[in-house]
Amino acid sequence: MRRKKIAAGNWKMNTTVPEGVKIVQDLGEGSFDISVDIVICAPATHLDALNQLELPKNILFGAQNMYHETHGAYTGEIGAPMLQSIGITHVILGHSERREYFNESNEMLGKKLRTALDHELIPIFCCGESLAVRNAGAQNNHVIRQLKESFGDLEGSEIAEIIIAYEPIWAIGTGETATPEQAQEMHCDIREFLRSEYGSDVADYVPILYGGSVKPANAKDIFAQEDVDGGLVGGASLKVDSFAAIVNSF
Ligand code: PEP
C-alpha cells in the first residue's frame, strides 16, 4: 500500500486568529489532490475556530506542542484531552525550537508521545541534526538516537500511528534546504531503523516528512524521493499561494 502523502504547515507563533481564519478559508477554496492530507499546525488559540470552518475533508488541524501530563497545576500548558475535546487530530512533538528554547529532551518527548498516543492524537515527531553534527558526519547516528530514546518501549502498532518529520536544524528558516539526495539518504536510514526495530509492516507504513525551507521551487524534487512522503513547512505555509503550490507538488 502506498503511504499517505502529507503536507503539514507549522505556523509557529504567527498570525492573529482572524488572519489565520482568512488563510485557511482561502486555502479551502483551492483545488487539491484529495489524497494529500493537509495538516495545519496553528497556535493553540486558533485551533477551535479553524476546526469549525466548512472545509474539504483533507484539511486537518494540529497543535504545535502539548504537555505530557493531562491536567493539573501546570500553568500555561495544554493537555491532550483539551485538544481532543475540540476535535484536533495531530500534534507536533519535538520541534527543534522546542528542544532548543524549552529544553525538551528525548526522554520528555517519549512521555509526550505516550500521552498523545493514549489520546488518539497523531504525533508529528520531529528529529534532526545541527550543522555542527552534520559537519562531524554524525547526523545519522544523532537522528536514530533521538528516535530510539523517545520511542522507548512503544509497541510497533503504536509506532505505526506516528508521522516522523526529519528536519535538519541548519535548514529550518534559513533558506538553505537539504538536497533531495541528502533528504532521501536520511529518510532511508530512518525507515531501515523502523524496519529493524518494528518490522516491515511498520517501516513501510509510517510517513516520513522532510522539513527545512521547503518552498514551491524545491518541493517537487524533494517529494519525488522514494522515502519522502511529504513536508513539514514553516514560512511557506503562511502564504496561501506558496503552500497551495507545495500541496500540489506530489
Ligand atoms: C519548520 O518550522 O518546521 C520549518 C521547517 O520551517 P521552514 O519551512 O520555515 O524552514
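On one side of helix 11, A217 and K220 are exposed, where exposed means over 50% relative accessible area and buried under 20%, with a 1.4 Å probe and protein chains only. The model is a predicted one, in which local features need pLDDT of at least 70, side-chain atom pairs count only at pLDDT 80 or more, and totals for chains, interfaces and linings use all residues. Residues are numbered from 1 along each chain as its sequence is written, and side-chain values use heavy atoms, with hydrogens and water left out.

Helix 11 spans residues 216-223, and its residues N218, A219, I222 and F223 are buried. Viewed down the helix axis, these buried residues fall within an arc of 125 degrees, so they line one face of helix 11. Their cover includes helix 9 (180-198), strand 7 (208-211), strand 8 (230-233) and helix 12 (240-247), contact being heavy atoms within 4.5 Å.

Helix 12 also packs with helix 1 (residues 17-28), at an angle of about 45 degrees and with the axes 10 Å apart. That makes helix 1 oblique to helix 12, since angles under 35 degrees count as roughly parallel, over 145 as roughly antiparallel, 65 to 115 as roughly perpendicular and the rest as oblique. In this pairing, I23, D26 and L27 of helix 1 meet V240, F243 and A244 of helix 12.

Elsewhere, the axes of helix 5 (residues 106-118) and helix 7 (residues 139-151) come within 7 Å and cross at roughly 50 degrees, which makes helix 5 oblique to helix 7. The contact is made by N106, L109, G110 and L113 of helix 5 together with R145, Q146, E149, S150 and F151 of helix 7.

How values were computed:
Helices (H or I, at least four residues) and strands (E, at least two) are DSSP runs, numbered from the N terminus. The arc is that of the directions from the helix axis to the C-beta atoms. Axes are lines fitted to C-alpha atoms, for helices over the stretch in contact, and angles run from 0 to 180 degrees between N-to-C directions.
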